[in-house]
Amino acid sequence: MNYRKFKAANMDVSLLGFGAMRMPMQKDDTSKLDEAEAIRMIRHAIDSGVNYVDTAYVYHDQQSELVVGKALEDGYREKVLLATKLPFWMMGGPEEMTPVFNEQLEKLGVDCIDMYIVHDISGNRWETVQEWGIYDFLAEQREKGKIRFIGFSYHGETPAMFKEVLDKYPWDFCMLQINYMDKNIQAGVEGYNYAISKDVPIIVMEPLKGGRLTDIMPPSVQKYWDSLGSDRTPAEWALRWVANLPGVLTILSGMSNMEQLEENIRVLSDADVGSLSADELAIIDKAADEYNKLIVYQCTNCKYCMPCPAKIQIPMMLNFRNSCALYGKTSKIQWEYDFLTRHRASECTACGKCEGECPQHLEIVRAMKETSELFD
C-alpha cells in the first residue's frame with residue numbers, strides 16, 4: 001500500500017481510504033446491510049494496510065457508524081484514522097449538534113473522532129454553517145479531546161465558493177469530489193490547486209463517480225481504453241488518474257464487495273504520482289471528452305431554474321437523467337436517486353417556469369417526464 005504524509009498528525013496515511021457508504025447488502029434482502037460481510041471487509045482492508053476509515057451519520061439509514069464501530073473493536077480502532085461527519089442540514093437548529101455528536105461517539109464506540117467533517121457544504125448551507133457557529137462548536141469539541149482534526153466536504157456549485165469556505169476558517173483538511181470526468185465540476189481542478197496553495201490536505205471522494213466510470217462502459221469510451229493496449233480495468237485507470245495528483249492525501253472508495261476491495265488495494269499499492277505517462281493521460285482526457293459528449297441535457301448547474309414551485313431539485317434530476325444516458329439505468333443510480341431525492345421528478349406539474357429561466361434553453365419539462373419514467 002502506498003502512503004502519503006499527513007503533517008498535522010505526523011503519520012503516513014494509506015492512499016486508499018475505506019468509504020463506508022456503499023457497504024455490502026444482504027443477498028436475500030437488498031434493503032438491509034450485510035453487517036458480517038461489511039465488518040470482514042473493513043478488517044481485511046486494515047489488515048492489508050488501509051489506515052483511513054470514513055463513515056457518516058446518514059449512511060445506510062444511519063447504521064453505517066454502528067457497523068464501523070463494531071469493525072473497529074478488538075484492537076482495530078488504534079490502527080486507523082477514523083472519520084465521520086456532522087449532518088447539520090438535517091437538523092432543526094444548532095441546539096441539535098451536541099446530541100447528534102454524542103450519538104455518533106456512542107455508535108462508533110469511541111471517546112474521540114480523528115477526522116470530523118462538516119458534511120456537504122453547498123448553496124445556502126454555507127450560510128447555515130456560519131450562522132450556527134459550527135466551526136466554533138467543533139473547535140470546542142477539539143479542546144475537550146473529542147475531535148483531533150476538523151474538515152469539511154464540499155458539494156458547492158463553483159470553485160469561487162470553495163475558496164471562500166477554505167479561507168474562512170483554519171481547516172485541517174478538506175474533502176473534494178475529484179475524478180477524470182469532473183475536472184470542472186464543483187471545486188474542480190481549480191479548487192484542488194487552491195487547496196494545494198494553502199497547504200490544506202485533500203481527501204478525495206467519488207474517484208469512480210459512484211461506480212459510474214466502471215459499471216457500464218459506452219462503446220465509444222471503451223475504444224480509448226482498448227487503444228492503450230493494457231489489461232487495466234476502467235476502475236484502475238480512474239484510480240490511477242487521481243493517484244497521479246500529488247496534493248491528494250487519501251482516496252476514498254465505497255466498496256460493495258471483497259473483489260472491489262482487493263482490486264483497489266492492488267491498484268493503490270502501485271499507483272502514485274508519475275505512474276501515468278503523458279500518452280496515457282492524453283487518452284484519459286479523450287475518454288472524458290467522449291463521456292461528456294454523451295450527456296443529453298447540458299446543464300451547467302447555474303440554478304436559474306430554481307426554486308421550483310414543486311420543490312424539485314431540477315439540476316439533480318437532470319444529472320440523474322444524464323447518468324442513464326451515459327451508463328444505462330444501474331442499481332447504483334437508482335439507489336442514489338432514492339437516497340438523495342426528497343421531491344421526485346414525478347411531482348413536476350409542467351408549469352414551465354424553469355424553462356423560461358434556463359439560459360441553456362433546456363427542455364426541462366420533458367427531462368422531468370423522462371426522469372420520472374426511468375426512476376419513479
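In which loop is Asp 199 found? The model is a predicted one, and in it Asp 199 is found in the loop between helix H8 (188-197) and strand S9 (202-205). At 56% relative accessibility, Asp 199 counts as exposed, because the cut-off for that class is over 50%. The C-alpha atom of Asp 199 is separated by 9.0 Å from that of Phe 173, although the two residues are 26 residues apart along the chain.

**Helix packing**

Two packed helices are described by the angle between their axes and the distance between the axes. For helix H4 (residues 97-108) and helix H6 (residues 134-143), the axes come within 12 Å and cross at roughly 45 degrees, which makes H4 oblique to H6. The crossing in which H4 passes H6 is right-handed. On the H4 side the contact is made by Met 97, Thr 98 and Phe 101, and on the H6 side by Ile 134, Phe 137 and Gln 141. Sorted by class, this contact of H4 with H6 has 4 nonpolar and 2 polar residues, and no charged residues.

**Aromatic pairs and a cluster**

The count of aromatic pairs in the model comes to 17. In one of these, Tyr 135 and Trp 171 form an edge-to-face pair, with 5.3 Å centre to centre and 85 degrees between the planes. Tyr 135 lies in helix H6, whereas Trp 171 lies in the loop between helix H7 (159-168) and strand S8 (173-177), so the pair ties together parts that are 36 residues apart in sequence. Both Tyr 135 and Trp 171 are buried.

Phe 152 and Phe 162 also pair, and because their ring centres are 5.9 Å apart and their planes stand at 40 degrees, the pair is tilted. Here Phe 152 comes from strand S7 (residues 147-154) and Phe 162 from helix H7, so this pair ties together parts that are 10 residues apart in sequence. Phe 152 is buried, with a relative accessible area of 0%, and Phe 162 is likewise buried, with a relative accessible area of 0%. The residues of both pairs belong to one aromatic cluster, formed by Trp 126, Tyr 135, Phe 152, Tyr 154, Phe 162, Tyr 169 and Trp 171.

**A buried loop residue**

Asn 244 is found in the loop between helix H10 (234-243) and strand S10 (248-254), and at 15% relative accessibility it counts as buried. Leaving aside residues up to four places away in sequence, Asn 244 touches Asp 272, Val 273, Gly 274, Ser 275, Leu 276 and Leu 281.

**Backbone geometry**

Most residues other than glycine have a negative phi, and most peptide bonds are trans.

| Residue | Phi | Place | Relative accessible area |

As for the peptide bonds, the one from Met 306 to Pro 307 is cis, with omega near 0 degrees. Pro 307 has its place in the loop between helix H12 (278-293) and helix H13 (314-327).

Technical notes:
Residues numbered from 1 in each chain as written. Predicted model: local features only at pLDDT ≥ 70, side-chain atom pairs only at ≥ 80, totals over all residues. Heavy atoms only, no water. Axes fitted to C-alpha atoms, helices over the stretch in contact; angles between N-to-C directions. Helix = DSSP H or I, 4+ residues; strand = E, 2+ residues; numbered from the N terminus. Parallel < 35°, antiparallel > 145°, perpendicular 65-115°, else oblique. Left-handed = near helix turned anticlockwise from the far one by under 90°. Contact = heavy atoms within 4.5 Å. Nonpolar A, V, L, I, M, F, W, Y, C, P; charged D, E, K, R; others polar. Phe/Tyr/Trp six-rings, centres within 6.5 Å; stacked < 30°, edge-to-face > 60°. Buried < 20%, exposed > 50% of the residue type's maximum accessible area, 1.4 Å probe, protein only.
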